[in-house]
Amino acid sequence: MVLSKTASQTDVSVHSTFASRYVRNSLPRFKMPEESIPKEAAYQIINDELMLDGNPRLNLASFVTTWMEPECDKLIMDAVNKNYVDMDEYPVTTELQNRCVNMIAHLFNAPLGDSETAVGVGTVGSSEAIMLAGLAFKRKWQNKRKAEGKPYDKPNIVTGANVQVCWEKFARYFEVELKEVKLREGYYVMDPAKAVDMVDENTICVAAILGSTLNGEFEDVKLLNDLLLEKNKETGWDTPIHVDAASGGFIAPFLYPELEWDFRLPLVKSINVSGHKYGLVYAGIGWVIWRNKEDLPEELIFHINYLGADQPTFTLNFSKGSSQVIAQYYQLIRLGYEGYRNVMENCHENAMVLKRGLEKTGRFNIVSKDEGVPLVAFSLKDNKRHDEFEIAEMLRRFGWIVPAYTMPADAQHVTVLRVVIREDFSRTLAERLVMDIEKVLHELDTLPAKVNAKLAMAEEENGKNGTVKKTAIETQREITTYWKKYVNDRKTNKNKIC
């Protein structure tokens with residue numbers, strides 16, 4: 001969800017050429033119209049505006065699935081009017097969700113007996129899954145502290161500074177301190193040793209990331225588990241681990257089956273994964289799985305009966321569409337282990353094609369790792385004249401959406417571009433992207449340096465000559481003054497031409 005705003009550079013009406021066949025008056029932009037319009041006109045008006053959105057297939061910023069088979073698309077549309085929470089009315093949908101939970105739990109090596117069922121739930125995405133897992137850790141920690149007669153008002157979670165924003169949301173919404181392990185240049189994931197050093201008696205869990213959003217790298221959950229076991233033994237604490245496997249949970253079991261990151265490690269008590277990322281389902285589905293029933297406090301589960309039979313529920317929201325749950329079940333049985341492995345291997349191979357193509361240009365440093373989420377994160381070897389943000393902006397002219405961003409503290413001076421390789425990103429597209437990046441680099445080489453690059457180079461030259469280095473505020477003021485003069489000169493020249 002995004003916060004809405006009504007500011008617009010255009011007027012407050014919506015106009016459509018095709019709508020004139022049905023309606024003569026324009027529609028209000030931010031108020032409900034007084035009268036109805038034909039369905040054809042409503043469709044065409046909306047369709048016209050949506051044409052200006054980016055192409056999802058070329059959105060290389062997103063981990064979220066943008067293609068599914070037509071048969072699954074049909075199942076989604078057939079179930080679009082089913083409310084996921086109505087378990088008594090839609091018992092088969094509930095059964096399919098339970099099957100998904102158990103399949104994923106077995107995939108993550110949950111210690112289940114032959115007759116045991118897994119403990120987990122489908123969510124809107126990994127954000128909700130993390131909220132639920134965090135609440136379970138907080139409540140367990142509070143219950144234990146209360147029983148020991150100790151204060152329970154200052155819980156904290158230890159993470160790396162590379163965590164996704166949903167962890168910050170959880171900490172702020174549910175009043176938990178977020179203790180972040182800072183990054184450093186060349187090491188862009190949480191350092192397990194530093195994380196364990198930050199653990200104290202108020203730590204409700206340590207959150208490890210299996211597939212960092214920044215560069216796709218897997219954090220060393222095995223080392224974290226071993227170090228934390230030692231600390232727990234020394235202190236008498238029982239600090240657990242949660243694994244945020246939003247991106248990597250559907251990758252590691254198929255590409256790196258021997259990698260120990262899941263419930264094979266005794267301190268891993270819960271895992272979340274995004275079905276709508278490499279689970280290969282459209283946006284709107286995530287999963288959280290607990291090691292066993294004892295790791296999910298019973299008091300967090302609500303039992304309702306006003307929709308029919310007794311229904312246990314542990315979610316932040318209530319109503320939700322059933323389509324994505326059904327789509328997840330389709331993918332799990334349609335592809336099976338073999339199919340998922342083939343998809344992930346193909347994604348990895350295409351990532352390597354892109355990586356090699358970028359390396360051949362001689363212009364980039366590769367920031368991502370070969371083992372991890374199939375993506376390529378890269379930065380310019382020399383960004384004094386032009387930077388990664390300019391490359392991202394110019395690539396949009398070819399239709400590509402490639403994000404550029406700075407790393408978190410203490411590596412915020414490093415800027416990277418990132419291309420996420422999804423199932424629908426072919427080798428041909430990878431080769432085409434490299435060609436378009438080369439075109440952009442060639443064009444940038446012919447352009448004058450950006451304003452702040454000029455100032456930075458001038459400042460560097462002054463420093464060599466013994467001139468006192470400017471402060472950040474002085475540099476920013478100089479940039480602002482330069483831009484004001486640049487804009488005014490353009491206006492003056494335009495007026496002369498007119």
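1. Basis of the note. The model is predicted, so local features need pLDDT of at least 70 and side-chain atom pairs count only at pLDDT 80 or more, while totals for chains, interfaces and linings use all residues. Residues are numbered from 1 along each chain as its sequence is written, and side-chain values use heavy atoms, with hydrogens and water left out.

2. Residue G339. This glycine belongs to helix α9, which covers residues 323-361. Helices (H or I, at least four residues) and strands (E, at least two) are DSSP runs, numbered from the N terminus. G339 has a relative accessible area of 11% and is therefore buried; buried means under 20% relative accessible area, exposed over 50%, and partly exposed in between (1.4 Å probe, protein chains only). Although G339 and F254 are 85 residues apart along the chain, their C-alpha atoms are separated by 9.6 Å.

3. Salt bridges in the whole structure. Side chains of opposite charge can pair when their charged atoms come close. A salt bridge is counted where a side-chain nitrogen of Lys or Arg lies within 4 Å of a carboxyl oxygen of Asp or Glu. The search of the whole structure finds 22 salt bridges.

4. K74 and D78 form a salt bridge with an N to O distance of 3.3 Å. Both residues lie in helix α2 (residues 70-78), 4 residues apart, which is about one turn of the helix. K74 counts as exposed because its relative accessibility is 54%, whereas D78, at 46%, is partly exposed.

5. A pair between a strand and a loop. The side chains of K179 and D200 meet in a salt bridge at 3.1 Å, N to O. K179 is in strand β5 (residues 177-181) and D200 is in the loop between α6 (192-198) and β6 (203-209), so this pair ties together parts that are 21 residues apart in sequence. K179 is buried at 15% relative accessible area, and D200 is partly exposed at 24%.

6. A pair between a helix and a loop. In the salt bridge of K355 with D370, the closest N and O atoms are 2.8 Å apart. This pair links distant parts of the chain, with K355 in helix α9 and D370 in the loop between β12 (364-366) and β13 (375-380), 15 residues apart. K355 is buried, at 17% relative accessibility; D370 is partly exposed, at 38%.
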